[in-house]
Amino acid sequence: MASPASDSLEQILSARDNLAAEICKATGTVKLSEVRSELILKKRTISKEKTCDWIQSLCTLLDSVCIPTLLSANTGIAKLKEEKIADSASIIDLQGKLIEKQETTIQNLVEKSDNDVSAMKTVVQSEIKSFSSLFKETCSSAFAPQTIQAAVKRVHQDEDRSRNIVLYGMEEDIERESTVPNYLENGVLKVLERLNEKPVIVDCSRIGSKIPDDMEPDRPILLKVRSAETVQRILSKSKMLKAVGESTFFSRIYLSPDRTLKERQSYRKLVDKMKELRSDEPNKVHFIKNNKVVSREKHDI
């Protein structure tokens, strides 16, 4: 159903369109905006009476329809503003009540939390006192300077040992190694070149004391390089020394990571067992893997 304002607007538009059509037809124009006073005065077919009728129609349209419609719309707008102001005041009042309720709830939670914290603090203090005496008894020795120094020393040794390689099986020549410069290092480099490796050697020396005796086994060689990565790369290639067709010089060489004394003793037992198997079962290939001696048929390699 159309509203009164809508009906009034339709009446205004209809009256305007009818009057505009009549004026445009009389003046020979297409749009009302093209009509000028000069054009009306020049048209002999348009009499003064006709012009007065048009002016009277416009005034009647303004007085009877346009102005009352505008006044009614203005009154409606004012009423809407008052209603909006009233609604805003109501919303503000509700927001104030909500904030007050929230503050009350928060205050209650804070008070409850304070009570809970106070009770927990009492319990924790009691537990700390009982734990403190136990901690002093059980942990004083663990944090003693000697214990800390020993732990730091072990870590340093493990880190330093990661850059070392132990080489077994290289024939020992005490006289040349003690008199010829870099004799031992050059021998080690010869072995590493067979593995396509040319690392920078930081240090190279025999392990242990040597007693001049032809029956004494050759001492292993401790080789230090610049990084643990280089050590891992060289060790991963060490099996190339056992390739079929290699000379006796290379085939008797064994490379292993630097181990503690206890680890070296265990590894020595593995090496002795491997040599024994090579002597007893020459048709098989024997090698050390994962701290065990592994035997395989040659055609499986």
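Guide: Let us begin with the rule for accessibility: a residue is buried under 20% relative accessible area, exposed over 50%, and partly exposed in between. Please keep in mind that this is a predicted model.

Visitor: Why is L71 called exposed?

Guide: The relative accessible area of L71 is 54%, and exposed means over 50%, so L71 counts as exposed. This leucine lies in helix α3, which covers residues 48-139.

Visitor: What makes L62, I67 and L71 a nonpolar patch on the surface?

Guide: Residues of a patch must have over 30% relative accessible area, and nonpolar side chains are joined within 5 Å. L62, I67 and L71 form such a patch, and together they have about 280 Å² of accessible area.

Visitor: How do you know that the side chain of R206 makes a polar contact with the backbone oxygen of R219?

Guide: The side chain of R206 reaches the backbone oxygen of R219 at 2.5 Å, and a polar contact requires a pair of N or O atoms within 3.5 Å. The backbone oxygen of M170 lies 3.3 Å from a polar atom of the side chain of R206, which is also within that limit of 3.5 Å.

Visitor: Which residues touch the most other members of the largest nonpolar core?

Guide: They are L167, M170, V188, L223 and L255, out of 20 residues in that core. At least two residues each are supplied by β1 (164-168), α6 (183-194), β3 (221-224) and α7 (228-237), and the largest share, 4 residues, comes from α6. As for M170, its contacts beyond four places in sequence include L184, V188, V191, I221 and F249, as well as R206. A second, separate core of 9 residues includes Y267, L270, V271 and M274.

Visitor: What share of the protein chain counts as buried?

Guide: Of its 301 residues, 21% count as buried, and the accessible surface comes to about 22800 Å², of which 56% belongs to carbon and sulfur atoms.

Visitor: Why does N196 count as exposed?

Guide: N196 has a relative accessible area of 61%, and exposed requires over 50%, so N196 is given that label. Its place is in the loop between α6 and β2, and its phi is near 60 degrees, a positive value in a residue other than glycine.

Visitor: What makes N290 exposed?

Guide: N290 is at 65% relative accessibility, and because the requirement is over 50%, N290 counts as exposed. N290 lies in the loop between β5 (284-289) and β6, and its phi, near 55 degrees, is a positive value in a residue other than glycine.

Methods: Residues numbered from 1 in each chain as written. Predicted model: local features only at pLDDT ≥ 70, side-chain atom pairs only at ≥ 80, totals over all residues. Heavy atoms only, no water. Patch = residues over 30% accessible without salt bridge, like charges linked within 9 Å, V, L, I, M, F, W, Y side chains within 5 Å. Areas by Shrake-Rupley, 256 points an atom, 1.4 Å probe, with all protein chains shown as cover. Salt bridge = Lys/Arg side-chain N within 4 Å of Asp/Glu carboxyl O. Buried < 20%, exposed > 50% of the residue type's maximum accessible area, 1.4 Å probe, protein only. Polar contact = N/O pair within 3.5 Å; in protein donor to acceptor, adjacent residues only side chain to side chain. Core = buried A, V, L, I, M, F, W, Y, C linked by side-chain atoms within 4.5 Å. Contact = heavy atoms within 4.5 Å.
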